[in-house]
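Good morning, and thank you for the time on today's agenda.

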Amino acid sequence: MAINSKTELPEDRLNFEALKSHHKSKAIASISKQQNPFDLLRILYEGAVSGAAAGVVVEAALYPIDTIKTRLQAVRGGGQIILKGLYSGLAGNLVGVLPASAIFIGVYEPAKRKLLDSFPENLSALAHLTAGAIGGAASSIVRVPTEVVKQRMQTGQFSSAPDAVRLIVAKEGFRGLYAGYDSFLLRDLPFDAIQFCLYEQLRMGYKLAAKRDLKDSENAMIGAFAGAITGAITTPLDVIKTRLMVQGSAKQYEGILHCVKTIAREEGASTLFKGIGPRVLWIGIGGSIFFGVLERTKKLVAAKQPVD
């Protein structure tokens, strides 16, 4: 039997349908990868609200431990620390922590989403590292002045945040509020990058193993582990940052390298790990509270958003 050139064979029909289905699925995948600007704004909003809530809860709950850590690091030689006024500067600090945490998570979440879409799946850790550093850099504009005022008050230099700001600017200029900015970035960019990368990677692995969404207690446990490990690793950077921030107009240290050399020469290299106990305790518990509150708040905020 002769076959007309226009006659369609069964296998031709199957191949055509398969090809059409393949192109359709590629088109859908391409469209889904194109983030709607409103989606990014929604992610930013949810992140900002969640970050602000988590940051304020952690700071208020663990402020005394942070004060002890700061005083341990600031005292030179074998000086004794004072255990009074452990909540000194809390109110003023919360005023800065709220926007700083909102900016951090508000920038981190959309940056993470964009980077995960751009990077291959096996480079997800790099996406989390980069997003953490970007969030840290963005929030440093608010975090550094907040940290300077907080630590000056924790070491008894000022009695109130408004007085601290006024006198720092009067004696050291506006730049005084950004004292130790380089050392802050040296400490916090690696800290933010490592902590969030550890948290996200551990969380991903746990979810794959458990084959379900994680409970709040599990998020908190992973956050505690990530925070404690990162806190221990970055303690020397924290000591340098504290010394540079609290020195004021005395200018005992001329910069990061001079600070390291002076501490090592006059007090011994072990001083760079001063306050590691309170720091690991503070950041471990803080990581547990922060990530637990963060994930819970993200769910609550997302649940109130209108469904498309």
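Predicted model: local features only at pLDDT ≥ 70, side-chain atom pairs only at ≥ 80, totals over all residues.

Residues are numbered from 1 along each chain as its sequence is written, and side-chain values use heavy atoms, with hydrogens and water left out.

First, the fold. The chain contains ten helices and zero strands; helices are DSSP runs of H or I of at least four residues, strands are runs of E of at least two, and both are numbered from the N terminus. Of its 308 residues, 42% count as buried, meaning under 20% relative accessible area, with exposed over 50% and partly exposed in between, for a 1.4 Å probe and protein chains only. Contact here means heavy atoms within 4.5 Å. Among contacts between residues at least 6 apart in sequence, 77% join residues at least 24 apart.

Next, the interior. A nonpolar core is a set of buried Ala, Val, Leu, Ile, Met, Phe, Trp, Tyr and Cys residues joined through side-chain atoms within 4.5 Å. The largest such core has 21 residues, and Ile 105, Phe 196, Phe 290, Phe 291 and Leu 294 have the most contacts inside it. At least two residues of this core come from each of α2, α3 (90-118), α4 (124-154), α6 (181-210), α7 and α10 (276-304). Leaving aside neighbours within four places in sequence, Phe 196 touches residues including Ile 105, Tyr 108, His 128 and Phe 290.

A polar atom of its side chain lies 3.3 Å from the backbone nitrogen of Lys 298. Beyond neighbours within four places in sequence, Ser 50 is in contact with Leu 294, Thr 297 and Lys 298.

Finally, the surface. Leu 202, Phe 225, Ile 229 and Ile 233 form a nonpolar patch with about 350 Å² of accessible area together, by the Shrake-Rupley method with a 1.4 Å probe, where for residues only the protein chains shown count as cover. Patch members have over 30% relative accessible area and no salt bridge, nonpolar side chains being joined within 5 Å; a salt bridge is a side-chain nitrogen of Lys or Arg within 4 Å of a carboxyl oxygen of Asp or Glu. Helix α7 (residues 216-233) gives the largest share, three residues. Ile 229, found in helix α7, counts as partly exposed because its relative accessibility is 33%.

Key
Patch = residues over 30% accessible without salt bridge, like charges linked within 9 Å, V, L, I, M, F, W, Y side chains within 5 Å. Polar contact = N/O pair within 3.5 Å; in protein donor to acceptor, adjacent residues only side chain to side chain.
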